[in-house]
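Please keep the sequence and the structure in view while reading.

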Amino acid sequence: MRERLAAAASEATSRGRRYAEPPAEYRGEYQRDRDRIVHSTAFRRLVYKTQVFVNHEGDLYRTRLTHSLEVAQIARTVALALGLAEDLTEAICLAHDLGHTPFGHAGQDTLNECMRDYGGFEHNLQSLRVVDKLEAKYADFPGLNLTFETREGILKHCSKNNARKLGDVGKRFLERTQPGLEAQLADLADSIAYNNHDVDDGFRAGLLSLEQLCSQSLFEHEHRIVTERYPKLEDRRLIYEIIRRMINRVVTDLIETSRARIEEAGPESIEEVRSAGRRLVGFSPEVEARHLSLKRFLNEHLYSHEKKLAMTEKVQEVLRELFTTYMADVTRMPDEFATAAAAGDESRRARVVADYIAGMTDRYALKEHERLQA
Ligand code: MG
């Protein structure tokens, strides 16, 4: 194990929690954050939320939960190698998608459209809202009362308008500073995880062919090596063998490039990381170009594939109808939401409806839609 970096996040330099709490007897503060996330209701719901394929399309596809676990495990490897705070890294990764709507990006886009006149809906911002406000678990405070560093990592992007309303955690979007190294890492681990598992899921679903995938240099490179060494390998094992090598390649590059950049910049504290003027965790230019190319390829050939589009239209209709139904009659939501929605103006009502819909799992949204139509 590497020594802890001076610029890694630590309890000694932490900006702490919004509501002061006595320290735990046997756990560190970031470990506590991680545990609170794992115990949250929003975390358990991730198992029934779409990553790319709607939950009932098949049992083997990634869900938001398995995606989040893959992100966390990739990031932990890098955190350990670089001497970063592993517990914090893991906490950010496990929480990063807590605000996702049902039905993946189609769901997010639809809810955003419904909320157009009420400040919009953004899943990343919603993840922060879940841990800051919506989880009702503790007697002494709203939300999970996570440390600043975990919250900083969860909020990956934010408009200036929203940043102004968020206080301390929104500041960096106005001042254009960077988040800590653990947050920078969690962001990239997310894209490494989905780039690779979506190749696997897309191939399994028959939406991506080996031939198409070989147009991508990251894939083609490993494909060449594996088929030379194992010419008779069946497709399923071939794909796994290629994917695990692709992950290894980009992760190794990420570790080595980041280590060199951190050494060169030599930050002595997390504050120096925040004011470094550029991100210190990242890929080499060559691997970054290939990684982005694969991302664009998946966008073009998987996320907007016609079979997926048919499903997309159906789920858009479900969410739109749920939204209009609850807006017209808030009492069709459970009591706590109905009361909160009735307490304010139209914009407040819309936000409560969006919170309720965003919290739904895929199958709950479908069931609820059916029930309301009856
Ligand atoms: Mg993600």
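Phenylalanine 103 counts as buried, because its relative accessibility is 4%; buried means under 20% relative accessible area, exposed over 50% and partly exposed in between, with a 1.4 Å probe and protein chains only. The model is predicted, so local features need pLDDT of at least 70 and side-chain atom pairs count only at pLDDT 80 or more, while totals for chains, interfaces and linings use all residues. Residues are numbered from 1 along each chain as its sequence is written, and side-chain values use heavy atoms, with hydrogens and water left out.

**Two loop residues with positive phi**

- Phenylalanine 103 has a phi near 65°, a positive value in a residue other than glycine.
- This residue, phenylalanine 103, lies in the loop between helix H4 (86-95) and helix H5 (104-114); helices (H or I, at least four residues) are DSSP runs, numbered from the N terminus.
- Asparagine 145 also has a positive phi, near 50°, and is not a glycine.
- The loop that holds asparagine 145 runs between helix H6 (123-134) and helix H7 (148-154).
- Asparagine 145 counts as buried because its relative accessibility is 5%.
- For context, most residues other than glycine have a negative phi.

**The magnesium site**

- The magnesium ion is coordinated by His67 (NE2), His96 (NE2), Asp97 (OD) and Asp190 (OD), at 2.1 to 2.6 Å.
- Donors are N, O and S atoms within 2.8 Å of the metal (3.2 Å for Na, K and Ca); water is not among the atoms, so sites may look incomplete.
- Along the sequence, the donor residues follow the spacing H-x28-H-D-x92-D.
- Histidine 96 is buried, with a relative accessible area of 4%, and aspartate 97 is buried at 3%.

**A helix pair**

- The axes of helix H17 (residues 335-342) and helix H18 (residues 346-359) come within 8 Å and cross at roughly 160°; axes are lines fitted to C-alpha atoms, for helices over the stretch in contact, and angles run from 0 to 180 degrees between N-to-C directions.
- H17 and H18 are therefore roughly antiparallel to each other, a term for angles over 145 degrees.
- Phe337, Ala340 and Ala341 of H17 make the contact with Arg348, Arg349, Val352, Asp355 and Tyr356 of H18; contact means heavy atoms within 4.5 Å.

**Domains**

- The domain assignment gives domain 1 (26-309) and domain 2 (310-373), with bounds from an automatic or database assignment.
- The centres of the two domains, taken over C-alpha atoms, are 27 Å apart.
- In domain 1, 31 residues are in contact with 26 residues of domain 2.

Definitions and conventions: Angles under 35 degrees count as roughly parallel, over 145 as roughly antiparallel, 65 to 115 as roughly perpendicular and the rest as oblique.
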